[in-house]
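Subject: Structure for your files

Hello,

Here is the structure I said I would pass on. Please have a look at it before you read my notes.

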Amino acid sequence: MAKHVIILSLVALSFGLLAFAFEPSPLQDFCVADSTSSARVNGQPCKSPALVQASDFSFSGLHLPGNTSNPNGSKVTPVSVAQLPGLNTLGISMGTLQVGFVTSNPDNSLITKTLQKGDVFVFPVGLIHFQHNVGTGNAVAIAALSSQNPGVITIANAVFGSKPDVSSDILAKAFQVDKSGGSTPGQILECSNRNQ
C-alpha cells in the first residue's frame, strides 16, 4: 500500500511540476538549471550547454524505500529541478533502460545514460531520443508526457516509408549522399528494417 501512495504522490508531484515548469514553445533544446548562478529570473537560469552532462538529466533513488511511519503513512521522494536540473522547463520520464537524445544543429551531441531500477531521465521536447532495453529480461518504464496525445514518429518509417515516397533527390540532398547507387527510399527502409 505504501508503494502505491509513493507512486501516486510522485505522479501528482510531476504533474504539478509540469503545470509550473513547462514552456510550450522552448527557445532552445533544453535549459539545465544552474543552481550556482546569482542571476535572478522567474525559474532557474540555464547552465551553459557546453557544460551539460548526462547526469543533469538523470536522478537515482526512486527504488529506495522511504519511512512511512508518520501520520500520513507515506513518503514522497521529490524529483524537481532541485534534484534533476535537466527537468528545468521540461516534463519527466522514468525507467530501466539505455536512454539518450541528440541535441539540435550544429552540435548534434549525443547525451546518453544507462538507467537502473529507480532512475529518472528527462527527454527535452522535440529532440530525437531513444530508449533501448540492454538487460536480459523485459524492461519497464513509466513516462509522463507533456501532451494528452503525443503520438510516435519512427524516423526511418517517416523518412523512407512515406506514401507516396519522398523524392530520392530530396533524400539525397537532405542526407548529403550521392544517389547514383540507385536505391529507392523503400529499398533503404527494407535494408534498415532487416538490420534491426
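The notes below go from the whole chain down to single residues.

This is a predicted model, in which local features need pLDDT of at least 70 and side-chain atom pairs count only at pLDDT 80 or more, while totals for chains, interfaces and linings use all residues. Residues are numbered from 1 along each chain as its sequence is written, and side-chain values use heavy atoms, with hydrogens and water left out.

Confidence

The predictor's confidence in each residue is the pLDDT, on a scale from 0 to 100. Its mean over the protein chain is 74, and 64% of the residues reach 70 or more. Contact here means heavy atoms within 4.5 Å.

Overall build

The protein chain has four helices and seven strands, in the order α-β-β-β-β-β-β-β-α-α-α from the N terminus. Helices (H or I, at least four residues) and strands (E, at least two) are DSSP runs, numbered from the N terminus. Of the chain's 196 residues, 27% count as buried. Buried means under 20% relative accessible area, exposed over 50%, and partly exposed in between (1.4 Å probe, protein chains only). Among contacts between residues at least 6 apart in sequence, 61% join residues at least 24 apart.

The largest nonpolar core has 18 residues, of which Phe30, Phe57, Leu84, Phe101 and Phe121 touch the most other members. Two or more residues of this core come from each of β3 (98-102) and β5 (120-121). Such a core is a set of buried Ala, Val, Leu, Ile, Met, Phe, Trp, Tyr and Cys residues joined through side-chain atoms within 4.5 Å.

His129

The UniProt annotation "binding site", from an unreviewed entry, covers His129. UniProt positions are given in the numbering used here, feature names are shortened, and annotations may be inferred rather than shown by experiment. His129 is found in strand β6 (residues 129-132) and is partly exposed, with a relative accessible area of 41%. Its side chain reaches the backbone oxygen of Leu127 at 3.0 Å. Leaving aside neighbours within four places in sequence, His129 is in contact with Gly100, Phe101 and Phe123.

Asp56

Asp56 sits in the loop between α1 and β1 (58-59), and at 7% relative accessibility this residue is buried.

Backbone points to check

Most residues other than glycine have a negative phi, and most peptide bonds are trans. Asn105 and Pro106 are joined by a cis peptide bond, with omega about 5°; Pro106 lies in the loop between β3 and β4. Another cis bond joins Lys163 and Pro164, with omega about 0°, and Pro164 is in the loop between α2 (155-160) and α3 (168-174). Asn108 has a positive phi, near 50°.

Regards

Key. A polar contact is a pair of N or O atoms within 3.5 Å; within protein, one must be able to donate a hydrogen and the other to accept it, and residues adjacent in sequence count only if both atoms are side-chain atoms.
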